[in-house]
Structure formats: C-alpha cells, structure tokens
Amino acid sequence: MPTLDTVGPQAMLAEVATLDPPFEMTQPARPSFPNHSVDIRHEGAHPGLNEPVTKIIQKCIDQVSQAGGGTVVVPTGRWLTGRIQLKSGVELHLAEGAELHFSGRIEDYLPVVFSRYEGVEIMGLGGLIYAHQEKNIAVTGIGILVGPKTGPVREARPGLSDKVVDPHLRVAERILDGREGRHYFRPYFINLIECQDVLIEGVTLRNGPMWNIVPIYCERVIVRGVTIDSRSVVNGDGVNIESSRDVLVEYCRVTTGDDCFALKSGRNLDGLRTGRAVENVVFRHNHALGGFGGITCGSETAGGIRNIHVHDCLFENVRHAVYFKTRRPRGGGGENFLAERIAFSAYNHAIFFDMLGATMYVGELANRLPIRPITDLTPYYRNITLRRFQGECKGDALKVKGIPESPASDITLDQCDIRSNGLIHLADVEDVEIQDSQFHAAEPEILLLDANGVHFKRVNFETARSRLVVTASGNKTKSVTFEQCDPQLDRMEIQTSDGTEGDDLQELR
C-alpha cells in the first residue's frame, strides 16, 4: 500500500516510468526544447511587487516561440504579473527562489479569451497562465506561483455557469468580462485549451482564485511533482482534467477545501453539444491532504468519462476517498474506471456515488421519485472497479445513490479493508459484486433499496453486534446473495420494508 515515502513530489522519479493501464492509450512524453534560454532580467525586468513584469515576460515568450523554441527563465526574486500566455515551443521555468505573484485586477486578464467555465464554453478571463491551441509547452522549476491576495479576480460571484450563460448564444457572444454590468467568472490558475504535448512539473501553486491546473480539450499532458495549496479557496480544486485525453498525473501533493484530483467533461446541454470526453487518464503516486474527493468524477459528465486508472495514491483527511457525482441534467456519464491500492482517511463516506445532487443546484430533479423518462440528459455510471482500498472513515464504507431510471451498474469492490461507522448503503443499483473484503463497522446494517443483483463473496463483516442486519426495500431488490461470508446467514437478520414483497427476496437467503 502507498505510504508517505512513495507518494508526492519527494518520491518523484527522475524519469517518467512506462504506463501500463488496463486500456489502450498513447503514453505522453516529456516535451523537449531547443538549447536556447532567455532570462527576463536581460529584457529589463526587476524584482519587486510594485512594478508588473507582465509585458516583459510575454515579450520573452513570444520572441522565443518565434525563434523556434526554448526556455524563458524567471530567476530568484518576487515578481508581479498579470496573465501570461504560453506559446508553442516554450518552457516557462521558475528558478529556485522565484515567486510569481499574480494581480487581482480584472483588467490584467483582458481582453477575454476562449475558455470553458464549469463545463460551459465562454469568452472570459481564462487563466493566470493561459494557452490556446499551442504545442510543446511547459511550466517547470521549483519556484512558486502565488494567486492574488485580494481583488475582484478572486471574488466568487453568485451564479453557476449553466444559470448565468445563455446556451443559445454563440460562444463568441458569451462575453463575461465584468465590464458594463456584465458578469464575470474567476480565472483558473493554469488554463490550457486545445493544446498538445504539455508538461507541468515541480512548481508550487498557492492561493489560486479558482480551480488550479485545468487542461481542457488537450492531448498528451503530464502533470508531475506539483504542490498545490488552496485550502481557503472557494472551488479551489487541485488538478482537474477536463475533456482531455492521454494524460498522466503523478507524484503531486494537493491540499484544498474542494476536490483534489478531478475528471470532468462538460455541463448539461453545452457539454452535450461539444461532446468531448475525458479519456485515457492515469493518476499515480499522488498525495491529497484534505479536500472533498481524493479522486472525483463529475459532476460535469456530459461528454463522458472513460478509461481511468488511479493507483498507489494516499488520500488523507478527505471527505471521500473516491467520489462519483453527476445529476439528471448533466448527461453523459462515467465508465471503465479502475482504482487500486488506495490508502485513505475520510471524514464522510469512503466511496460515494451521488447521482442525484441537491435541490439548491438542480431543483426538483434532485428528488429520487418520480422516475423520469430517459433522455440525452440522463447520465450513467457503470463498469467501476475499486480494488485494495485500505483506510477508515466516519460515514459508510460504500454508499451509492443511483438514479431510478439509470441505476449505477457493474460496480466491483475487491480486496478492501475498511473501518467505518456505517457499512453499505445501496440505492438504485444493478450488478454489484463485493468480494474478498473486510468491513469493520460500528453499525451492523446493510441497506438495500431497489438493488438488483448484489453479491457478497468471501466478505467478513465485523460489527459491534453479533448479528448483521440486512434491510431491503423496493420491488426491484432481488437476486441478493451471500457466499462464504461471516457472519453466516443464520446470524443475519433480514428485514423488508416500503412494500417489498417477500417473494422478491427469495434469493437473499
């Protein structure tokens, strides 16, 4: 199992080890750059937080790119800047002792640029570091990137993207710049759009205004050895891979008040329109120190989330070790997800599927009933394998809130050892297999609601009571079996409620 010695930047190998995921993918490689280097001081930059060096840094990047590529060096010192736009063939390198401090003024991130905010395409502030349709780019070094302490750039204005942005407008008309009474969204820290062959390595990000590292529509991306601290930031997600493919995230350390490592693919109708999946992504040897989900899928799932391999990670003091979320209006879904060798401590559920959400965000669609017709906006989660999880939590070891018309399906827990308050709660699921695992729980109850095809094989339930209580309800609850489990069936108390017929549970015993 992963330990502090095997995760995070201090454990990073000198070279990228070969990937071996359970699916086909193109292994991203480190981009190479010509042996041409420009120090921003040679263009007249002076350290200090009174005089911005934005224009000088941008001039160096532009000139190096036009000359065929190379490295732009930010040397030791504290430097003030606005938005930096990376260009093809350029490595932005922060030397030891270098600190880039970003402005909090909106005007330092204008004119607006093409981006996507919370899964909806817009013309907005983009990112503190931004690139669009560039190739062979990098942000490297052991320096520090620091978001603004104050200013409108970091002020969270009310309104979700799908509530603020008119989906019927052309993207070019979705201008959110904070001027003339118009709305604006906070920029991401590093925002890369439609880029190829990307490396982000070694740097530290602090106090970003929103999500931190966000490649969108990108191909062949490596994020490695990065440290992110955004504990007090609203929506301060760590590494969000959005509608990108062939991505490796390794040896990173994230401390945040929101999701640590996340996968997203577009929101609602706008995400269905673009139809871009996030696929072929590997997370390995990463360390989370506080946050919502150690690894999170969704809730933006419209383009699809597929072919994901998470392994050998340590998630400490997170709300959930793994968090699968979507909503009825999100569309798309997630599939072909494997997480293995995960050590964790969680202050809520260890593994949590929430496909309904809350009424404050999606209104009455968050209500489980009535069953709705299946449409393009009905999401799914299926073919999920969670193997060799070891840790403890204060909620349930496994909780699934599926959608009645789109149950979470084909879920496997294998070789897990989890200490928790509650055991297992499955609602609106199909084909769940839990095998060769141990659960140590204060509460002895397994709750099943419209759970079809749930099979326990060689599972040990250790609870505070001698009897295990299985409470089943819903007329779809059937084909539930216990094979070579402890306690044995004669020490299980089978209860039914909510109109479940006894004949529906014949296979439970």
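Because the model is predicted, local features need pLDDT of at least 70 and side-chain atom pairs count only at pLDDT 80 or more, while totals for chains, interfaces and linings use all residues.

**Aromatic pairs**

A search of the whole structure finds 15 aromatic pairs, where rings of Phe, Tyr and Trp (its six-membered ring) pair if their centres lie within 6.5 Å, and planes under 30 degrees apart count as stacked, over 60 as edge-to-face and the rest as tilted. Select Tyr117 and Phe185, whose ring centres are 3.9 Å apart with planes at 5°, so this pair is stacked. The two residues are 68 residues apart, with Tyr117 in strand β8 (residues 113–117) and Phe185 in the loop between α2 (161–164) and β13 (188–193); helices (H or I, at least four residues) and strands (E, at least two) are DSSP runs, numbered from the N terminus. Tyr117 is buried at 7% relative accessibility, and Phe185 is buried with a relative accessible area of 4%, where buried means under 20% relative accessible area, exposed over 50% and partly exposed in between (1.4 Å probe, protein chains only).

Next, select Tyr323 and Phe352, a stacked pair at 5.7 Å centre to centre with 10° between the planes. Tyr323 belongs to strand β25 (residues 305–325) and Phe352 to strand β27 (residues 351–354), so the pair ties together parts that are 29 residues apart in sequence. Both Tyr323 and Phe352 are buried.

**Arg174**

Go now to Arg174 in the loop between α2 and β13, a residue that counts as buried at 4% relative accessibility. Its side chain makes a polar contact with the side chain of Asp270 at 2.9 Å (a pair of N or O atoms within 3.5 Å; within protein, one must be able to donate a hydrogen and the other to accept it, and residues adjacent in sequence count only if both atoms are side-chain atoms).

**Leu49**

Finish at Leu49 in strand β2 (residues 48–52), which is partly exposed at 33% relative accessibility. The C-alpha atoms of Leu49 and Arg78 are separated by 6.6 Å, although these residues are 29 residues apart along the chain.

Technical notes. Residues are numbered from 1 along each chain as its sequence is written. Side-chain values use heavy atoms; hydrogens and water are left out.
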